Amino acid sequence: MNEPDPSAEQIKDRFLHARHSYQGEITLGNLAFDANLQEFASRVAIICALETSGKIPPLEAYNQIKSLWQQFAASAENLINTE
């Protein structure tokens, strides 16, 4: 059976939020950490592209990435403490 063609929105979402399969020991904490790390990396890449293209100023990009890092670090610490 043929799968239906993906919509333009689905194609855009796959491009902007690429996911790669986890290769380590499969635990709930590891999978959550990996998902958070991929989301962090994706958002940082988008912020960097916006800054590079002149859509946002460097200081705003820095502040956004710093905020994302703080959120990621807090979630990573919570995951480590719950295992």
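The model is predicted, so local features need pLDDT of at least 70 and side-chain atom pairs count only at pLDDT 80 or more, while totals for chains, interfaces and linings use all residues. Residues are numbered from 1 along each chain as its sequence is written, and side-chain values use heavy atoms, with hydrogens and water left out.

**Exercise 1. Check the span of helix α2 against its number of residues.**

Helix α2 covers residues 28-52, which is 25 residues. The expected span is 1.5 Å times one less than the number of residues. That gives 36 Å. The end C-alpha atoms are 36 Å apart, so the two values agree. Just after α2, Gly-54 takes a positive phi of about 85°.

**Exercise 2. Decide whether Asp-34 is buried or exposed, and find a side-chain partner.**

Asp-34 sits in helix α2. Buried means under 20% relative accessible area, exposed over 50%, and partly exposed in between (1.4 Å probe, protein chains only). Asp-34 has 17% relative accessibility, so it counts as buried. Its side chain joins that of Gln-38 through a polar contact of 2.9 Å. Such a contact is a pair of N or O atoms within 3.5 Å; within protein, one must be able to donate a hydrogen and the other to accept it, and residues adjacent in sequence count only if both atoms are side-chain atoms. Gln-38 is also among the buried residues of α2.

Key. Helices (H or I, at least four residues) and strands (E, at least two) are DSSP runs, numbered from the N terminus.
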